[in-house]
Amino acid sequence: MNAQKLSKRLAKVASFVPTGAVVADIGSDHAYLPCYLVQQGIISQAVAGEVVKGPYESARRQVRAEGLANQIQVRLADGLAAVEQEDHVDTITIAGMGGPLIVSILEKHPEVLRSVTRLILQPNIHAKVIRQWALAQGWAILDEVILEEDDKIYEILVLQRGAMSLTDAEILLGSHLIAQRSAAFVQKWTKEIENWQRILQDLNKAEATPDIQAKREELQQLIQLVGGVL
Ligand code: SAM
């Protein structure tokens, strides 16, 4: 992967960036995504934020090497602290982290989100936490994608401001992903059910303490919920 040729996962994230957007890519080691977006003429201004020095320096080197230092501001900062008001950022991308970390980044600097109209989030795990956050914070899911790359399955959520309602199954699985029912989706959740069934079998052999009993019920409910969708 490089700034000219993104991974399938990041290329999909890029495909949701509106033309002319001002983007902040948070957790931008190598800054491949903002470099690609500028080089493709999709955007002309971006911020690349990184909290760790090594990846921050890689991002800076990459931006300089591509001759994009006037268009991409690389900043060493924790999450949305990388964004300044004068940047006029309207689109935020956060990719390659767990759902809970993505939500903690979004929650830490709510003032930055005021001017933002689109969030493109790619959690590696626990996308559910993002859907719960979106529901509670007045963001609606415009689109969702699930894809497989190098034997891993990734989800991408595109949020815009608005109200939505989601069932328990839709919070866990994604309403768009349920409707699409792609091969990657079926594969992910079939594996997940098999995993829950294995744990359940082990728990059935254990002494039935109240904790074990509660865990069993939780797993049975999950298996029923997801199994009902597949
Ligand atoms: N976004 C790239 C991608 O999807 O390929 C890089 C993903 S990498 C696995 C996650 C990056 O996020 C790391 O470089 C890490 O240092 C950075 N990161 C984690 N927490 C962060 C935070 N609070 N603020 C900024 N960057 C963060």
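The radius of gyration is taken over C-alpha atoms, and the globule rule is 2.2 Å times the number of residues to the power 0.38. With 230 residues, a compact globule would have a radius of gyration near 17 Å, and the chain agrees with this at 19 Å. The structure is a predicted model, in which local features need pLDDT of at least 70 and side-chain atom pairs count only at pLDDT 80 or more, while totals for chains, interfaces and linings use all residues. Residues are numbered from 1 along each chain as its sequence is written, and side-chain values use heavy atoms, with hydrogens and water left out.

**The chain as a whole**

- The C-alpha trace spans about 60 × 35 × 30 Å along its principal axes.
- The secondary structure comprises ten helices and seven strands; helices (H or I, at least four residues) and strands (E, at least two) are DSSP runs, numbered from the N terminus.
- Of the 230 residues, 46% are buried, where buried means under 20% relative accessible area, exposed over 50%, and partly exposed in between (1.4 Å probe, protein chains only).
- Among contacts (heavy atoms within 4.5 Å) with a separation of 6 or more, 67% are between residues 24 or more positions apart.
- The accessible surface comes to about 11500 Å², and carbon and sulfur atoms account for 48% of this area; the areas come from the Shrake-Rupley method with a 1.4 Å probe, and for residues only the protein chains shown count as cover.

- Strand S5 covers residues 118-123, and six of its six residues are buried, so the strand is largely enclosed by the rest of the structure.
- In a regular strand the side chains alternate between the two faces of the sheet.
- Both faces of S5 are covered, with Arg118, Ile120 and Gln122 buried on one side and Leu119, Leu121 and Pro123 buried on the other.
- Strand S4 (residues 91-97) pairs with S5 in the parallel sense over six bridges; two strands pair if DSSP finds at least two bridges between them.
- Within this pairing, Ile92 has Leu119 of S5 as its bridge partner.
- Strand S7 (residues 152-161) pairs with S5 in the antiparallel sense over four bridges, and Gln160 in S7 is the bridge partner of Arg118.

**Strands S1 and S2**

- Strand S2 (residues 45-50) has five of its six residues buried, so this strand is also largely enclosed by the rest of the structure.
- Strands S1 (residues 22-26) and S2 run parallel and are joined by five bridges; Val23 has Ala46 of S2 as its bridge partner.

- Glu194 lies in helix H9 (residues 183-205) and counts as partly exposed at 40% relative accessibility.
- Glu194 and Ile223 are 29 residues apart in sequence, and their C-alpha atoms are 8.9 Å apart in space.
- Leu225 belongs to helix H10 (residues 210-229) and is partly exposed, with 30% relative accessibility.
- Apart from its neighbours within four places in sequence, Leu225 is in contact with Asp168, Ala169 and Leu172.
- Leu225 and Leu173 are 52 residues apart along the chain, and 9.8 Å separates their C-alpha atoms.

**Positive phi in loops**

- Most residues other than glycine have a negative phi.
- Ala31 has a positive phi, near 55°; this residue lies in the loop between S1 and helix H2 (32-39) and is buried, with a relative accessible area of 0%.
- His126 also has a positive phi, of about 55°; it lies in the loop between S5 and helix H6 (127-137) and is partly exposed, with a relative accessible area of 48%.
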